[in-house]
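Biologist: I am new to this structure and would like to learn how to read it. Could you walk me through it, step by step?

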Amino acid sequence: MCGIVGYTGPREAAAILLGGLRRLEYRGYDSAGLATVEGGRLHLRKRMGRVSELEDLLARRPARGGCGISHTRWATHGPATDANAHPHAGGRAGMVGLAVVHNGVIENHARLRAELMAEGFPFASETDSEVIAHLIARALETTHDLLEAVVTILPRLEGTYGLAVCSASHPGLIVGARMGSPLVIGVGDGEHLLASDAAAVAPHTKRVVYLEDGEVASLTPAGLDLAHRERGPVAPRIDRIDWHPDQAELGGNPHYMIKEIREQPTTVVDACRGRLSRRDATACLGGLNLSPRALRRARRIVLVGCGTSWHAALVGEYLIERIAHLPVEVEYAGEFRYRNAPLDDRTLVFILSQSGETADALGALREAKRRGHPTLAIVNTVGSTIAREATGGIYLHAGQEVGVASTKAFAAQVAVLTLLALYLGRLRHLSFSDGLAIVEALESAPGLIEEALKVEPIVERAAEQVATARTALFLGRDLLHPVALEGALKLTEISYIPAHGYPTAEMKHGPIALVDPQTPCVFLSARSPLYSKTLSSIEEVRARGGHVITIGTDGDRVLPALSDTFLPIPDAPEVILPLLAVIPLQLLAYHVALKLGRDIDKPRNLAKSVTVE
Ligand code: M6R
């Protein structure tokens with residue numbers, strides 16, 4: 001989704017801004033632009049399309065200066081065009097002197113636009129964001145102080161914003177403000193950066209300050225001032241980024257998605273590091289900030305997320321109910337935040353989010369918090385808004401996930417939910433030996449995922465036919481039901497082949513109508529008490545001439561005989577089957593998209609982190 005990068009310091013801003021925008025490309029965008037201040041002049045350059053197109057424009061029309069702001073836009077109000085790209089200039093006709101970049105949505109933009117147009121402010125775009133630039137320009141006419149002008153107009157904005165402003169009349173100064181859309185300051189030596197994602201500042205400095213809602217920052221090369229717009233000055237709290245930007249390099253892989261699929265053995269090691277206790281046959285989850293007594297009191301768990309995080313939560317439902325015997329409900333964050341879901345004081349609410357910035361997930365967390373519930377986060381991005389606002393939680397430690405299609409974060413979420421189920425189970429009835437079996441299963445998972453990844457050449461061949469399909473079905477039971485849903489989402493989002501995931505038993509209640517020789521039906525069926533029931537469902541598809549792909553345990557003699565393609569995964573304890581069964585599905589989506597020539601790491605219309613509702 002939209003990205004912001006700003007820089008003020010002794011170096012040429014444009015090169016640093018372009019580098020920062022490149023680091024944010026993974027978030028998804030459709031236009032890019034920047035503005036720099038050189039002496040008393042403002043240079044504005046913007047282009048629909050990729051950052052490389054902005055770079056070409058800058059090669060022809062350079063924008064010099066040591067202070068500037070930049071943006072990648074993911075269209076909401078108005079299509080992707082040069083005019084709608086940010087930055088937006090503010091000022092009366094012929095008097096443009098400042099530029100604004102904005103993430104978020106200004107809900108009252110139409111009213112503000114009408115008011116500004118009536119006063120003679122010219123509008124060049126269809127965006128909601130342009131009103132901010134003109135509001136600041138109008139305030140500047142009386143205040144003559146950029147920071148004061150920004151603070152003056154903020155109460156007029158209804159909605160969400162993370163914004164950055166620079167002005168020809170204030171060389172070297174960047175003003176940033178946050179309400180509902182993340183901003184982070186990079187603190188360098190004699191220079192400062194401002195970005196919507198720490199990934200953009202990480203190559204320049206490890207010292208960062210995360211802005212909270214309502215805060216306004218003013219940055220010069222030498223100074224950083226922070227204030228809450230109502231409560232006054234705030235002492236900046238400097239955090240350290242604990243990951244290296246090189247972690248986000250491709251390392252010889254053609255795409256981030258395949259790199260991240262292949263990283264999953266390490267992902268699970270990192271998610272479990274220091275959290276498994278053989279001595280007590282349990283998990284150690286200190287960050288929950290709830291006493292064992294408080295956790296034992298819980299009578300119900302609600303897991304909330306979107307997309308892949310929601311699928312991981314569904315795996316969590318099966319695991320927690322099975323291992324800890326606690327009722328679990330899984331909620332879509334976008335529904336939960338507005339639904340009057342009954343919660344009592346013995347319900348624990350967990351918000352799952354890779355990015356920690358998803359607007360719906362954040363809204364759900366705030367709703368649970370508003371009702372007085374402790375809110376627990378299962379989040380990957382350290383320092384993200386959800387991580388900071390939750391009362392406790394568990395970090396995934398998966399490292400930066402760049403591919404828009406979430407893969408290794410799913411593995412980390414499932415591993416962490418298994419730890420949670422184990423911990424809650426051992427606080428209740430789960431025996432030492434049953435707990436130890438889960439500890440051992442998790443310890444064996446990284447090696448088994450490594451084994452599972454060896455299926456790639458077979459998947460590549462299967463992808464040939466799937467790539468020609470108009471639709472596909474993914475079916476699984478029990479713990480593999482959410483994995484089937486995840487397989488369908490992966491294929492849909494990066495190959496654009498509409499795929500549907502169902503519990504296998506649901507097939508005969510409707511989806512079977514899709515079965516024909518051109519429709520791949522992907523069945524997940526490792527050894528489990530429901531194995532024979534899945535065999536019957538496969539027979540039903542075969543009887544109708546369907547194309548059958550199965551994922552099952554290596555050494556299975558029955559499934560290969562019933563399948564057009566059999567994709568083996570290693571034999572493993574049931575609790576870690578989701579971590580293994582998802583591997584062929586992620587690889588299948590990847591190879592189908594590759595064959596179709598899709599933009600794998602940046603699929604159309606999608607954003608890595610969905611920071612608007
Ligand atoms: O960062 P989050 O986990 O909150 O993101 C939730 C979804 O937007 C995300 O999982 C999305 O569905 C992915 N593109 C799936 O691959």
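Predicted model: local features only at pLDDT ≥ 70, side-chain atom pairs only at ≥ 80, totals over all residues.

Biologist: Which residues come nearest to the ligand?

Modeller: There are 14 residues around the ligand, and the nearest are Ser309, Ser353, Gln354, Thr358 and Glu493.

Biologist: What should I look for when I search for polar contacts with the ligand?

Modeller: Look for pairs of N or O atoms within 3.5 Å of each other. In this model, the side chain of Ser355 places an N or O atom 2.7 Å from an oxygen atom of the ligand. The side chain of Lys490 also has an N or O atom facing a ligand oxygen, at 3.0 Å. With Val404 the backbone takes part: one of its N or O atoms lies 3.1 Å from a nitrogen atom of the ligand.

Biologist: How much of the ligand does the protein bury?

Modeller: To read burial, start from the ligand on its own. Alone it exposes 410 Å², and the protein buries 91% of that. The space it takes is the second largest pocket.

Biologist: Which elements give two or more residues to the shell around the ligand?

Modeller: Those are α9 (307-324) and α16 (480-495). You can also read the shell by domain: domain 2 (245-430) and domain 3 (452-602) each supply at least three residues.

Biologist: Which domains does the assignment give for the protein chain?

Modeller: The assignment lists domain 1 (3-241), domain 2 (245-430) and domain 3 (452-602). The centres of domain 1 and domain 3, taken over C-alpha atoms, are 45 Å apart.

Biologist: What can I learn from the backbone angles?

Modeller: The general idea is that most residues other than glycine have a negative phi, and most peptide bonds are trans. Now for two cases in this model. The peptide bond from His86 to Pro87 is cis, with omega near 5 degrees. You will find Pro87 in the loop between β4 (67-73) and β5 (88-90).

Biologist: And the other case, where is His144?

Modeller: His144 sits in the loop between α4 (130-143) and α5 (146-153). Although His144 is not a glycine, its phi is positive, at about 55 degrees.

Technical notes: Residues numbered from 1 in each chain as written. Heavy atoms only, no water. Near = heavy atom within 4 Å. Polar contact = N/O pair within 3.5 Å; in protein donor to acceptor, adjacent residues only side chain to side chain. Areas by Shrake-Rupley, 256 points an atom, 1.4 Å probe, with all protein chains shown as cover. 1 Å grid on protein atoms, 1.4 Å probe; cavity = no way out; pocket = protein on both sides within 12 Å on 5 of 7 lines; lining within 4 Å. Sits in = over half its atoms within 2 Å of the grid points. Helix = DSSP H or I, 4+ residues; strand = E, 2+ residues; numbered from the N terminus. Domains from an automatic or database assignment.
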